[in-house]
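Subject: Structure handover

Hi,

Here is the structure for your files. My notes follow below it.

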Amino acid sequence: MFDRRISTADATALPPGDHLATVRDLLSSLEDFAAAGRSHAASQQDILAPAPQLIAARYAAANSITRRRFDALLSEAETVARMGFGLIASRQGRGDPGTIAAARFLGKSIAATLQRLENLLAPRAI
């Protein structure tokens with residue numbers, strides 16, 4: 001099993017940009033819930049996200065294993081973001097402390113996953 005070469009035929013050429021955009025949009029929407037009742041609330045997106053073109057170029061240059069891992073993490077992040085946002089949005093009242101806490105927790109979790117995705121594609125120093 002380990003002596004077989006890994007084929008790059010299974011890797012996709014570009015990351016699913018729609019999925020990444022969806023996750024970022026949901027994260028942005030979560031900020032509305034997390035900042036409810038706080039006019040001076042800090043943004044959850046403290047990380048500076050690279051441009052989608054840069055991510056696409058790094059993804060295209062990555063090996064097939066890195067691409068598959070990126071795809072799996074992104075798919076998981078999208079599922080968690082969609083499900084979590086749906087649950088938070090269905091709660092009664094944006095100002096409810098439980099809703100605010102859930103939105104902050106989910107937002108931090110998604111932001112951390114986006115950072116992991118970006119780190120996965122970051123160029124390595126030799």
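A residue counts as buried under 20% relative accessible area, as exposed over 50%, and as partly exposed in between (1.4 Å probe, protein chains only). The model is predicted: local features need pLDDT of at least 70, side-chain atom pairs count only at pLDDT 80 or more, and totals for chains, interfaces and linings use all residues. Residues are numbered from 1 along each chain as its sequence is written, and side-chain values use heavy atoms, with hydrogens and water left out.

Aromatic pair

Tyr 59 is buried, at a relative accessible area of 0%. Phe 70 is buried too, at 2%. The structure holds one aromatic pair, and these two residues form it. Its geometry is edge-to-face, with 5.3 Å centre to centre and 65° between the planes. For the cut-offs: rings of Phe, Tyr and Trp (its six-membered ring) pair if their centres lie within 6.5 Å; planes under 30 degrees apart are stacked, over 60 edge-to-face, the rest tilted. Tyr 59 sits in helix α2 and Phe 70 in helix α3, eleven residues apart. Helices are DSSP runs (H or I, at least four residues), numbered from the N terminus.

Helix packing

The axes of α2 and α3 come within 8 Å and cross at roughly 135°. Axes are lines fitted to C-alpha atoms over the stretch in contact, and angles run from 0 to 180 degrees between N-to-C directions. The two helices are therefore oblique to each other. Oblique is what remains after under 35 degrees (roughly parallel), over 145 (roughly antiparallel) and 65 to 115 (roughly perpendicular). From α2, the contact (heavy atoms within 4.5 Å) uses Ile 55, Tyr 59, Ala 60 and Ala 61. From α3, Arg 67, Phe 70 and Asp 71 take part.

Core

The largest nonpolar core has 25 residues. Such a core is a set of buried Ala, Val, Leu, Ile, Met, Phe, Trp, Tyr and Cys residues joined through side-chain atoms within 4.5 Å. Leu 30, Phe 70, Ile 110 and Leu 114 have the most contacts inside it. Two or more residues each come from α1 (17–34), α2 (52–61), α3 (64–90) and α4 (97–121). α4 gives the most, with eight residues.

Glu 78 lies in helix α3. Glu 78 counts as buried, because its relative accessibility is 10%. Leaving out residues up to four places away in sequence, Glu 78 touches His 19, Thr 22 and Val 23. Asp 25 is in helix α1. At 51% relative accessibility, Asp 25 counts as exposed.

Best wishes
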